[in-house]
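Me: Got a model open and want a quick walk through it. Can you take my questions as they come?
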Amino acid sequence: ERKIAMNRLAIVFWSGTGNTEQMAECIAQGAREAGAQVELLGPEAFSAGRLGEFDVVAFGCPAMGAEQLEEDSFEPMFSALEDSLAGKKIALFGSFGWGDGEWMRTWSARCREKKADLYDPDGLMAKEIPNAEAREACHDLGRSLASW
């Protein structure tokens with residue numbers, strides 16, 4: 001029987017209240033169950049130089065302020081590697097408490113502009129604390145990314 005090589009997946013995220021962290025952990029769980037090698041990293045531990053170490057990178061950040069990425073650590077890290085995203089397989093996720101997901105649409109557009117290979121242009125969003133449905137969607141995303 002043929003063994004399918006599973007992906008090395010980095011889940012790079014920032015979480016303020018723990019909601020996006022819960023999402024990251026569910027994605028990691030799904031990916032590990034499907035056989036991927038997973039590393040959970042904070043923005044300070046990731047850079048453009050590390051993109052090549054992974055087959056897929058899932059970036060997670062909640063909506064902050066006027067629907068933007070967290071600006072002290074996540075945004076600077078993401079801005080610095082944005083120009084290296086061409087052809088890279090990436091997924092986006094995060095939680096939000098208000099608004100309609102504008103931060104995710106903006107973020108997704110930035111990635112498409114840089115010619116990233118985006119798993120889902122809509123990203124994966126959870127409102128507030130991820131409920132059972134959101135956690136299941138995170139598991140599913142992880143399973144999918146494991147063999148994408």
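Me: What share of the protein chain is buried?
Reply: Buried residues make up 47% of the 148 residues. Keep in mind that this is a predicted model.

Me: What about overall size?
Reply: The radius of gyration is 14 Å. That agrees with a compact globule, because 148 residues would give a value near 15 Å. The C-alpha trace spans about 50 × 35 × 25 Å along its principal axes.

Me: How many helices and strands?
Reply: The protein chain has 4 helices and 6 strands. From the N terminus, the order is β-α-β-β-α-β-α-β-β-α.

Me: How much of the contact set with a separation of 6 or more comes from residues 24 or more positions apart?
Reply: Those pairs account for 77% of it.

Me: On to the nonpolar core. Which residues touch the most other members in the largest one?
Reply: F46, F59 and W107 do, in a core of 25 residues. Strand 1, strand 3, helix 2, strand 4 and helix 3 each give two or more residues to this core. There is also a second, separate core of 22 residues, and A91, F93, A126 and A134 are among its members.

Me: What is F59 in contact with, sequence neighbours aside?
Reply: Leaving out neighbours within four places in sequence, the list is V12, F46, F74, M77, F78, L81, L85, I90, A91, L92, F93 and W107.

Me: Several of those sit in helix 2, I think. Which residues of helix 2 are buried?
Reply: In helix 2, residues 74-81, the buried ones are F74, E75, M77, F78 and L81. They fall within an arc of 165° seen down the axis, so they line one face of the helix.

Me: And what covers them?
Reply: The cover for the buried residues of helix 2 includes strand 1, strand 3 and helix 3, which runs 102-113.

Me: Switch to helix 4. How long is it?
Reply: Helix 4 has 15 residues and spans 21 Å from its first C-alpha to its last. That is close to the 21 Å expected at 1.5 Å a residue.

Me: Which of its residues are buried?
Reply: A134, C138, H139, L141, G142, L145 and A146 of helix 4 are buried. They sit on the same side of helix 4, because they cover an arc of only 160° around the axis. On the other side, A132 and E133 are exposed.

Me: What do the buried ones pack against?
Reply: Five elements: strand 1 (8-13), helix 1 (19-33), strand 3 (56-60), strand 4 (89-96) and strand 6 (124-127).

Me: What caps the N-terminal end of helix 4?
Reply: N131 does. A side-chain oxygen of N131 lies 3.2 Å from the backbone nitrogen of E133.

Me: Now helix 1. Is M23 buried or exposed?
Reply: M23 is in helix 1. M23 is buried, with a relative accessible area of 1%. Apart from residues up to four places away, M23 touches F93, G94, S95, L124, M125, A126, P130 and C138.

Me: How far is M23 from F13?
Reply: The two are 10 residues apart in sequence and 9.6 Å apart in space, C-alpha to C-alpha.

Me: And S108?
Reply: S108 lies in helix 3. S108 is buried at 1% relative accessible area. The side chain of S108 reaches the backbone oxygen of P121 at 2.6 Å. Leaving out residues up to four places away, S108 touches L92, L118 and P121.

Me: Where do E67 and E128 sit?
Reply: E67 is in the loop between strand 3 and helix 2. E128 is in the loop between strand 6 and helix 4.

Me: Buried or exposed, for each?
Reply: E67 counts as buried, at 11% relative accessibility. E128 is partly exposed, with a relative accessible area of 42%.

Key:
Residues numbered from 1 in each chain as written. Predicted model: local features only at pLDDT ≥ 70, side-chain atom pairs only at ≥ 80, totals over all residues. Heavy atoms only, no water. Expected span 1.5 Å × (residues − 1). Buried < 20%, exposed > 50% of the residue type's maximum accessible area, 1.4 Å probe, protein only. Arc of directions from axis to C-beta. Contact = heavy atoms within 4.5 Å. Polar contact = N/O pair within 3.5 Å; in protein donor to acceptor, adjacent residues only side chain to side chain. Core = buried A, V, L, I, M, F, W, Y, C linked by side-chain atoms within 4.5 Å. Rg over C-alpha atoms; globule rule 2.2 N^0.38 Å.
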